[in-house]
Amino acid sequence: MRKRYSNLDDVKNNKSFKDMMKWNKERRSKVKDLSINIPQCQDKQIEKIKENRSRTSYTWIGHSTFLIQMNGINILTDPVWAKRMGFQKRLTEPGIPLEDLPEIDVIVISHGHYDHLDFPTIKKLKGNPQFFVPIGLKPLFNRKGYQKVSEMGWWESAEIRGIQIHFVPAQHWTRRTLTDMNTSHWGGFIFQSQEETLYFVGDTGYFAGFKQIAERFDNIDTVFMPIGAYEPEWFMKDSHISPEDSVKAFLELKAKKFVPMQYGAYRLADDTGPEALERLYREWEKQQLPNELLMVMTIGETVMEK
């Protein structure tokens, strides 16, 4: 029998057929404006990214996909350039065309859902990357022909060219077929160099694990935090964090910068990208947090650290 993985405190994400019918009924009654989307960056730094070998940078491709450059290493998080997700057409184009990416050295996968793990995208990437994936996913990668794959359990670490990569908990679930629910794990990744620490949260609901992560990593510079796919909250809250709870988690992490992600590319729930941002801004103001700590990026935008 295949091993099944679970959340901290054994939080379940199981929803009944009755719950699904209730959500579908609610969704039909809602009118959402899908014509307003997250804008593309007007000054993309594609050539600078290709030439960069020393400075830390991060570029938002869209959804949960970032190109992160540290120590001369090109890292991709959850690479997905797919034009559709199920029956839903992608709302915004990826920030950088696949063919314009530099060669990729490292790919991290937070979990196996299709909006975070897209093999047609991976097949087109340049380079011969090392994959870091949650425990349980390596056999799937091997079947697809990828051998440079390291599985990680929560709190496990690996080192690659001067960067420590840590796999940390998240509160979620996963499935790619009718029979493989939760047969691989899920989580986030922390990248540590001698100069800085970046935390890619992955996909998660709000959970006690943020406090545990803060206890182990007490100097987080930048957090890439999901804020979308939270509505209706009675259905989604165990799996997807709301904008308000994302701010709460950021404060618990005591991090220096908040970069929102996972909004505006695919319609996975009933909220829209602009709605998620509006709620994030409102909570930021309510908590009286400095504006310079919130790094809202346009699609394809690059932040190049000094």
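Residues are numbered from 1 along each chain as its sequence is written, and side-chain values use heavy atoms, with hydrogens and water left out. Because the model is predicted, local features need pLDDT of at least 70 and side-chain atom pairs count only at pLDDT 80 or more, while totals for chains, interfaces and linings use all residues.

**View 1. Seven strands form an open sheet with mixed pairing.** The order is β8-β7-β6-β3-β2-β1-β15. Strands are DSSP runs of E with at least two residues, and helices are runs of H or I with at least four, numbered from the N terminus. Two strands pair if DSSP finds at least two bridges between them. β8 and β15 (302-304) stand at the edges. Each has a single partner strand, so one side of each lacks a neighbour in the sheet. From one strand to the next, the twist averages 15 degrees.

**View 2. Strands β7 and β8 run parallel.** β7 covers residues 130-134 and β8 covers residues 149-152. Four bridges join them. Phenylalanine 131 stands opposite valine 149 in β8. Phenylalanine 132 faces serine 150 of β8 as its opposite residue. In a regular strand, side chains alternate between the two faces of the sheet.

**View 3. β7, α4 and β8 make a right-handed β-α-β unit.** Helix α4 spans residues 138-143. Right-handed here means that, with the strands pointing away from the viewer, the path from the first strand over the helix to the second runs clockwise.

**View 4. Six strands make up an open sheet of mixed pairing.** Their order is β9-β10-β11-β12-β13-β14. β9 (157-160) and β14 (257-261) are the edge strands. Each has a single partner strand, so one side of each is left without a neighbour in the sheet. Neighbouring strands are turned by 20 degrees against each other on average, direction ignored.

**View 5. Strands β11 and β12 run antiparallel.** β11 holds residues 188-192, and β12 holds residues 197-200. Four bridges join the two. Phenylalanine 189 has phenylalanine 200 in β12 as its bridge partner.

**View 6. Helices α5 (residues 209-216) and α7 (residues 243-253) come within 8 Å, axis to axis.** They cross at roughly 25 degrees. That makes α5 roughly parallel to α7 (angles under 35 degrees). Axes are lines fitted to C-alpha atoms over the stretch in contact, and angles run from 0 to 180 degrees between N-to-C directions. Phe210, Lys211, Ile213 and Ala214 in α5 meet Ala249, Glu252 and Leu253 in α7, with contact meaning heavy atoms within 4.5 Å. The contact residues divide into five nonpolar, no polar and two charged.

How values were computed. Angles under 35 degrees count as roughly parallel, over 145 as roughly antiparallel, 65 to 115 as roughly perpendicular and the rest as oblique. Ala, Val, Leu, Ile, Met, Phe, Trp, Tyr, Cys and Pro count as nonpolar, Asp, Glu, Lys and Arg as charged, and the others, Gly among them, as polar.
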